[in-house]
Amino acid sequence: MPVSAAASAREILVRLHDVMASRAPAQAKLNQVVQIIGEAIGSEVCSIYLLREGVLELFATRGLAEEAVHVTKLALGEGLVGTIAEDVEVLNLDEAASHPDFAYKPETGEDRFHSFAGVPIIRRERAVGVLAVQHSEPRRYADVEIEALQTVAMVLSELIANAGLIDAAGAAGARPQMTASVRLGGQKLVDGMGSGFAVYHQPRIVIEHTVAEDIDAERRRVYAAFDKMREQIDRMAREAEFGVAGEHVEVIETYKMFAYDEGWARRINEAIDSGLTAEAAIERVQQRTRQRMRQIDDPLLADRMHDLEDLSNRLLRIVSGQMGTAAQLGLRQDTILIARNLGPAELLEYDRRRLKGVILEEGSLTAHVIIVARAMGVPVLGRVSDVRRQIAEGDQLLLDVTEGSVLVRPTSAMEEAFEAKLALRQKRRAAFAALRDVPPVTKDGHRVTLMVNAGLRDDAAALDTTGADGIGLFRTEFQFLVSATLPQRERQQRLYRDVMEAAGDRPVVFRTIDIGGDKALPYLNTPAGDEENPAMGWRALRLALERDGLMKAQARALIEAGAGRTLHVMFPMVSEAWEFDEAKALFEAQRAWLGARGRRLPIEVRYGAMLEVPALAEQLDLILPNVDFLSIGTNDLTQFLFAADRANPKLAERYDWLSPSILRFLRRVVEPARAAGVRVGVCGEMGGRPLEAMALIGLGLDRLSITPAAVGPVKAMIRSLDRAAITAEMARLLANPVRDMRGALGAWAATNGVELA
């Protein structure tokens with residue numbers, strides 16, 4: 001007879017608690033468990049299968065043939081039981097034999113039973129067994145019965161763990177053996193190699209006690225945790241409204257909606273009523289959420305369910321008192337960090353000496369944490385699926401983003417091959433480092449200016465280590481992205497002054513703040529959450545001209561920091577000439593205002609524009625007379641030209657920087673700029689790749705701002721290159737382009753002895 005919801009589930013747990021507390025052997029306990037469950041829900045059969053050495057073994061049964069215990073075994077994916085374990089899903093069938101995965105085991109004597117229901121026994125998000133019930137009459141088990149089975153399965157996971165019956169080496173859906181090596185692929189986000197041990201950004205909360213001793217006490221713990229969590233979310237919401245009226249950003253609204261959702265709180269309380277501890281109740285509801293997520297096809301709704309998953313993790317950490325991240329606990333050895341996603345501030349909390357790489361379950365090329373990681377020199381591999389089921393805390397990892405993969409638990413042969421490749425890479429880096437004091441001059445005597453991109457105070461040190469000519473792009477928004485509140489003008493000024501002092505007599509080009517769109521700030525309400533295409537939305541100079549208070553504060557900070565020096569200022573995402581004129585006028589007004597008050601001023605302010613929006617190329621005749629320099633941002637320019645989102649891995653691989661469309665467009669910009677006497681350079685990733693940099697030099701570009709790690713390889717290429725020869729070759733290729741421009745340029749480089757490391 002069906003159970004009557006939580007009260008009956010609690011009765012089962014009370015009886016199970018007595019079993020768990022007894023000193024009986026594990027097998028005797030499991031034998032008692034199947035009797036209790038079968039009697040409680042009026043089922044003729046109740047069986048427990050446990051995963052042992054990669055197969056599911058019948059460990060205890062009520063109703064099947066006793067001689068089948070420890071004899072009947074099913075592989076993962078075999079039969080109904082194997083399917084439940086492999087998919088970590090519930091099955092509820094009124095006629096078991098009609099299911100396509102049904103597998104008959106004659107030794108069990110189960111041929112007279114029709115109905116079947118089974119739930120996975122889950123430990124640390126992995127199925128370690130299956131709890132199944134059967135009945136001779138065809139019928140579907142009621143929802144409350146399935147709920148009771150799932151609650152009991154959670155308690156069973158604790159029982160079998162304490163009894164040492166969990167076979168970690170054969171966890172379902174993961175690895176057949178914990179010692180087996182596996183290679184996982186992903187998206188290349190920040191190039192590089194690194195080896196270390198797996199550390200999760202948010203260490204897993206292991207629930208050790210599932211059965212409540214005092215239900216009222218557990219309920220009070222959950223209420224207190226909800227109050228604390230809601231306070232945190234409310235504080236986040238208040239910070240998101242800084243300086244403006246209006247609604248909160250979408251993600252905060254979603255968090256608030258779930259945090260105050262009475263239905264979610266009620267389900268957790270119902271789980272406590274069934275006899276679970278607060279931690280187990282939250283995890284029980286979270287398991288149900290995960291099962292729903294697997295069935296959702298609507299990506300928007302799936303994202304909302306991910307938000308609830310994140311909030312459940314937060315609540316679980318509060319109630320268990322385990323709020324720290326791995327950064328706060330400290331890294332003890334060389335580490336490969338694993339996270340679903342990271343913010344830039346979270347990444348900067350880690351010890352750079354220990355952090356050898358990052359693996360993200362999600363992540364994209366446009367996320368600002370990737371820019372920070374690139375600046376830190378930390379390799380990042382993104383979109384690695386099934387991470388938590390494939391990698392355990394403490395596993396040895398060999399991360400090779402160049403290959404787009406990570407080796408988990410490598411063999412000694414794999415380690416040797418990796419170390420050999422890493423040694424070769426380091427040898428090349430040493431050879432490039434030896435070029436630090438050698439100028440980047442082509443074989444025919446043409447000097448190329450090589451500068452570095454930066455965004456952090458410590459990045460200025462790269463000037464000395466690489467021998468670069470200066471900082472061609474200092475991303476001022478980094479200070480805003482890693483701060484919990486809007487940085488005050490004095491704090492901005494201090495950063496800019498420190499960077500210029502570290503650079504000495506080498507120029508630093510400060511790009512004004514590029515926020516909005518895909519770089520939303522938690523404390524500044526921007527419309528990014530409502531934009532379908534945030535990369536092409538209300539961001540960068542567009543936003544800064546509207547929020548002119550923000551830009552005026554930055555202008556004063558830059559002007560005062562540059563006192564007695566030449567200050568270089570560059571405006572991002574200029575679409576039309578009037579936008580540049582308006583931004584320059586704003587800066588000049590602030591310079592005049594400071595001068596009128598007797599403040600020391602820069603000797604000179606040189607103003608430049610970033611050409612990232614193709615429309616600006618149609619107004620070069622209007623903007624060139626007013627700018628001191630142009631810098632082409634090839635990252636955004638490429639996606640705007642091709643209408644291709646760089647965050648989409650399919651499109652990221654499809655459109656090449658060496659496409660005739662890109663190269664011809666760049667030539668259209670370079671030639672009139674040169675005629676007008678305006679220096680033009682490239683500050684995107686394109687310039688940091690030797691083959692692409694060779695093509696750019698062939699187009700007449702002689703100013704590149706690239707990542708510090710790229711300076712050595714690009715300098716080596718320049719010193720092996722004849723500029724006149726590549727100029728002629730580029731003119732020939734662009735007159736009659738071939739489909740594979742990359743292949744053609746690579747072949748030309750090989751024939752002409754150009755070094756492309």
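What share of the contacts in the protein with a separation of 6 or more comes from residues 24 or more positions apart? I looked this up and found 68%, contact meaning heavy atoms within 4.5 Å.

I noted that the model is predicted, that local features need pLDDT of at least 70 and side-chain atom pairs pLDDT 80 or more, while totals for chains, interfaces and linings use all residues. Residues are numbered from 1 along each chain as its sequence is written, and side-chain values use heavy atoms, without hydrogens and water.

Of the 757 residues, I have 54% down as buried, that is, under 20% relative accessible area with a 1.4 Å probe, protein chains only.

**Phe571.** Leaving aside neighbours within four places in sequence, I found Phe571 in contact with residues including Leu541, Met551, Phe587 and Tyr607.

**Helices 19 and 20.** I looked up helix 19 (residues 548–561) and helix 20 (residues 577–596), whose axes come within 9 Å and cross at roughly 55°. Axes are lines fitted to C-alpha atoms over the stretch in contact, with angles from 0 to 180 degrees between N-to-C directions. Helices are DSSP runs (H or I, at least four residues), numbered from the N terminus. The two helices are therefore oblique to each other, a class left after under 35 degrees (roughly parallel), over 145 (roughly antiparallel) and 65 to 115 (roughly perpendicular). Among the residues making this contact are Met551 of helix 19 and Phe587 of helix 20.

Technical notes. Buried means under 20% relative accessible area, exposed over 50%, partly exposed in between (1.4 Å probe, protein chains only).
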